[in-house]
Structures are given as C-alpha cells and as structure tokens.
Amino acid sequence: TLALRMPRHEENGRRIAAFLRDQEKIRKVYWPGFPDHPGHEIQKRQATGFGSMISFDLGSLDAAKAFLAKVRLCSLAESLGGIETLISHPATMTHAAYTQPERDALGIGNGMVRISVGCEDAEDLIADLTTALAAVQLP
C-alpha cells in the first residue's frame, strides 16, 4: 500500500509543516520541503517529494512534556513511519542513551519533538496539534 499512502503522507506533511512553522510557541521547524532547509536541494535531486517526517523545537523539556501530554490523535511511539501519525520525544526516547553534550552536538535539544505525519485528515491533526500547543507556556 506504500504507493497509495505516500501521496497522502506527503500532502499531510506539507500542511502540518506549514502550520507548525506559523506557530509562535515553536522556535524552529525542520522539514526538507522548506527551501531554507540545509538538505532541501539534495532531497529535490534524490526523491520525488519531501515526506512527512518533521522535527520541531519547543524550547524546553517542560514545553515538550506539556505538548506531548495533550495530543490525542498522535500516538506517542519510538517507531516512526506507520499509516497513523506517530510522535516522539528524541531526548527521552530514541536518543536517551546519549549524554546531553552528545545530543546537543547532534542538534537534539530537550524541546525537540519529532512527528511522522500519517494519513488521517489534516484538519483533524491540526486541531489536535493546536490543542496541544495551547498547553505550552512561553518563557
């Protein structure tokens, strides 16, 4: 079903990345579909799209925890890439065994959240992310 799913993943990824980039509580969004992303040109040459894997920085561990506690459609999981939207906190999940200096060197701060956008309705996902962002307090 990959050939059937990828256009939807791509479309949803594009919409979610644009939504996240417009949110004042998010410091930075990492998605290769943005022309200013360091891997944009390589992605354009090597792939037919930009995918649905997005990372974004909420600035702190407390902000990331508050956000992740409120999402309902996005399933918290270390494995990314299913048909459903999956979300993770790399500093405490996939990269928890790394020291803070190692994570810092890799650009994985405590406020980073990673989302693999699935095939759900994009408006439903945006509503879920909006609700979760409401729980984040700006410093």
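**Exercise 1.** How many bridges join strand 2 to strand 5, and which way do the two run?

*Solution.* The model is predicted: local features need pLDDT of at least 70, side-chain atom pairs count only at pLDDT 80 or more, and totals for chains, interfaces and linings use all residues. Residues are numbered from 1 along each chain as its sequence is written, and side-chain values use heavy atoms, leaving out hydrogens and water.
- Strands (E, at least two residues) and helices (H or I, at least four) are DSSP runs, numbered from the N terminus.
- Five bridges join strand 2 to strand 5 (residues 112–116), and the two run antiparallel.
- Met-53 has Ser-116 in strand 5 as its bridge partner.

**Exercise 2.** State the strand order of the open sheet.

*Solution.*
- Strands pair if DSSP finds at least two bridges between them.
- The order of the five strands is 1-2-5-4-3, with mixed pairing.
- Strand 1 and strand 3 (75–76) stand at the edges with a single partner strand each, so one side of each lacks a neighbour in the sheet.

**Exercise 3.** Describe how helix 1 passes helix 5.

*Solution.*
- Helix 1 covers residues 2–21.
- Its axis comes within 10 Å of that of helix 5, and the two cross at roughly 30 degrees. Helix 1 is therefore roughly parallel (under 35 degrees) to helix 5.
- Axes are lines fitted to C-alpha atoms, for helices over the stretch in contact, with angles from 0 to 180 degrees between N-to-C directions.
- Contact means heavy atoms within 4.5 Å. Residues of helix 1 that meet helix 5 include Ile-16 and Phe-19.

Methods
Expected span 1.5 Å × (residues − 1). Parallel < 35°, antiparallel > 145°, perpendicular 65-115°, else oblique. Left-handed = near helix turned anticlockwise from the far one by under 90°.
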